[in-house]
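Morning, everyone. Let's look at one structure together, piece by piece.

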Amino acid sequence: LPPMALSEDTVVEARFTPADVTLTYDLGPCGTFTQGGAPTIAVTATPDAPFAGAPAFAESDDWHFESWSPALPASVPWTNATFTATYVPKALRVIHVVPEGEVPAGSDGSGSSWANARSDLAGAYADAGRYRGEVWLKTGTYEPAGSMLPRSNVAIRGGFAGDETSADQADPAANPTVIDGKSAVSAFLYTGQATNCVVQGVTIKRFVNTAIRLTGASTLELRD
């Protein structure tokens, strides 16, 4: 403005366009981006603009994509950011569980083997349901603190002595496995839609309402 146009109450407003930021996405081994065919990609975006989502990608044959870490925001951040994929293997995952008080000394709590067995049945079942998996239960009694949400493509198998390496080695008659609601828990698996659920080699007893309740187009296989 020319000097003559200014007065004591003149308000001058200046607007600046912020510099673009770089958003980096890293899939690791779980896939490649459609553009470029690489597991990582960097894109530029305007800060505070609506977030457009991650670029399209194809999942690998061996790993299943779960989510981005950190979670994708609603708007573009004001600084450069990197989003890393979280993923699990597509191969069948077996989680080994033992009764409370029987976790082996030195176990890392992952459930990846009997030596690393864990005792939290509900947590193991949820972990197995991240893609597809099985929960192997060592002989004994398990007392869930509450009902568990049914998970698709997950099997709960009992009848293990605690040294088996394949599911067909389980012997429920020799190694009885009991899931006991103690007349205090509504149901063992309740309530939700899930497919390809398997419960084998366990005795389920003393749940208040029902042992298992699934909804919708669910499928459940019960085996001795």
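Is Cys 197 buried or exposed? Cys 197 is buried, because its relative accessible area is 3%. Buried means under 20% relative accessible area, exposed means over 50%, and partly exposed lies in between, with a 1.4 Å probe and protein chains only. Cys 30 is buried too, at 0%.

A word on the source. This is a predicted model: local features need pLDDT of at least 70, side-chain atom pairs count only at pLDDT 80 or more, and totals for chains, interfaces and linings use all residues. Residues are numbered from 1 along each chain as its sequence is written, and side-chain values use heavy atoms, leaving out hydrogens and water.

Back to cysteines. A disulfide is a covalent bond between the sulfur atoms of two cysteines. Here, the rule asks for a pair of cysteine sulfur atoms within 2.5 Å. The count is zero disulfides.

Now the sheet. Five strands form an open sheet, ordered 7-8-10-13-16, with parallel pairing. Strands are DSSP runs of E, at least two residues, and helices are runs of H or I, at least four, numbered from the N terminus. Two strands pair if DSSP finds at least two bridges between them. Strand 7 (93–97) and strand 16 (220–223) are the edges, each pairing on one side only.

Let's walk across. Strand 8 (residues 133–138) runs parallel to strand 10, joined by five bridges. Val 135 stands opposite Ile 156 there. Strand 10 then pairs with strand 13 over three bridges, also parallel. Ala 155 has Val 198 as its bridge partner in strand 13. Next, strand 13 (residues 197–200) meets strand 16 over four parallel bridges. Gln 200 faces Arg 223 in strand 16.

How many residues of strand 10 are buried? Seven of the seven, residues 154–160, so strand 10 is largely enclosed by the rest of the structure.

Last stop, the largest pocket. A pocket, on a 1 Å grid over the protein atoms alone, is an open set of points where a 1.4 Å probe fits, with protein on both sides within 12 Å along at least five of seven lines; lining residues have an atom within 4 Å of a point. The volume is about 200 Å³. Of the 13 lining residues, those closest to the centre are Ser 119, Leu 121, Tyr 142, Glu 143 and Pro 144. Helix 1 (121–128) and strand 9 (140–142) each supply at least two lining residues.

That's the tour. Thanks.

Definitions and conventions. Points joined across faces, edges and corners; volume = space filled by probe spheres on them.
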